[in-house]
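Me: I would like to learn how to read a protein model. Could we go through it together, one feature at a time?

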Amino acid sequence: AANAASKVGMTASTGSNYDLYIDQFGNALYAESKTATTQLAFALATSRDGSALSGYEYSAQLVFADGTTKWVKLNKVHNGTSFVVPGSAADTTGVAADLAGNSADKNKFVEYTANDDGTYNVKFNAPTTSSITAISPDSPTLDSTHSIIANSKTVFVVKQSDGSYKTFTGIKNAPKMTSITTAYVDGAIAK
C-alpha cells in the first residue's frame, strides 16, 4: 500500500486502513482513509487478568444491539479526555484501576469501535443510563413521576428471566413489559 500510495503522491501510515482504487495495471489511482464506526453497547462487567510481572489484559462484557453478549479485549479506554491504553504511562486518571472489577464501569451504556485486530476502544462515560421497571409502547413515560420520556431514538436493554438480553430502539418498537427486573435505557429525555 505504501508503494501504491507514493505513486499518487500520498503517504500511507502503518496501522491505518485504506480503500485503494486501482486501475487495470495495478496502479493506485486514489486512496481513501477508512475510519472506524462508533457504535453503542451496554457494559455488564469489566475484568483485569494477568499480573504486574506478566502484564495485564483488560476486557469488558458487552451487550450488543442485536442482544448478543460477548467478552471483548480492550485496546484503549476513554478517560474523560482522550483514549489511553489501560495501565500505560498515559493512564494518569486510573482507567486501569477502574477496569479491575470496579462497579463504576458496569451497567452503563458505552460507545465502542471494533479494531481490525479484534480489540475494542471503549468510552464508558457516555451516555447517561436510567433504570426502569416497565415499558409500554403506548406511553412514552418510563417512570412513575413522569420525568423520563422515551422517543424513537431511545435504546432499551432488558434482562430476560433466562439471563439473556433483549434490545430495542425506539419506544414504538419495544413490546409492553411489566415487572421488569433489570432494564436500562439510553436516549430518553429527562423532564
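Me: Which residues does Leu62 touch, not counting residues up to four places away in sequence?

Reply: First, a word on the source: this is a predicted model, where local features need pLDDT of at least 70, side-chain atom pairs count only at pLDDT 80 or more, and totals for chains, interfaces and linings use all residues. Residues are numbered from 1 along each chain as its sequence is written, and side-chain values use heavy atoms, with hydrogens and water left out. Contact means heavy atoms within 4.5 Å. By that rule, and leaving out residues up to four places away in sequence, Leu62 touches Ala41, Phe42, Ala43, Thr68, Thr69, Lys70, Val72 and Val110.

Me: Which residues touch the most other members of the largest nonpolar core?

Reply: In soluble globular proteins, nonpolar side chains tend to be buried together. A nonpolar core here is a set of buried Ala, Val, Leu, Ile, Met, Phe, Trp, Tyr and Cys residues joined through side-chain atoms within 4.5 Å. Buried means under 20% relative accessible area, exposed means over 50%, and partly exposed lies in between, using a 1.4 Å probe and protein chains only. The largest core has 18 residues, and Leu62, Leu74 and Phe124 touch the most other members. The elements giving two or more residues to this core are β3 (39–51), β4 (55–63), β5 (69–78), α2 (95–99), β7 and β8. Helices (H or I, at least four residues) and strands (E, at least two) are DSSP runs, numbered from the N terminus. Apart from this core lies another, of 14 residues, among them Ile135, Phe168, Met177 and Ile180.

Me: How many salt bridges does a search of the whole structure find?

Reply: Side chains of opposite charge can pair when their charged atoms come close. The rule for a salt bridge is a side-chain nitrogen of Lys or Arg within 4 Å of a carboxyl oxygen of Asp or Glu. The search finds one. In a salt bridge, the side chains of Lys73 and Glu57 meet at 3.6 Å, N to O. This pair links distant parts of the chain, with Lys73 in strand β5 and Glu57 in strand β4, 16 residues apart.

Me: Is Lys73 buried or partly exposed?

Reply: Lys73 counts as partly exposed because its relative accessibility is 40%. Glu57 also counts as partly exposed, at 39%.

Me: In which sense do β5 and β8 pair?

Reply: Two strands pair if DSSP finds at least two bridges between them. β5 and β8 pair in the parallel sense over three bridges, and Leu74 stands opposite Tyr120 in β8. β7 and β8 run antiparallel, joined by four bridges. There, Tyr120 in β8 is the bridge partner of Ala114. The hairpin of β7 and β8 has five residues between the strands, and Gly118 takes a positive phi near 90 degrees.

Me: Where is Thr119, and what does its side chain make a polar contact with?

Reply: Thr119 sits in the loop between β7 (108–114) and β8 (120–123). A polar contact is a pair of N or O atoms within 3.5 Å; within protein, one must be able to donate a hydrogen and the other to accept it, and residues adjacent in sequence count only if both atoms are side-chain atoms. The side chain of Thr119 makes such a contact with the side chain of Asp117, at 2.6 Å. Thr119 is buried, because its relative accessible area is 7%. Leaving aside neighbours within four places in sequence, Thr119 is in contact with Lys73, Asn75, Thr113 and Ala114.
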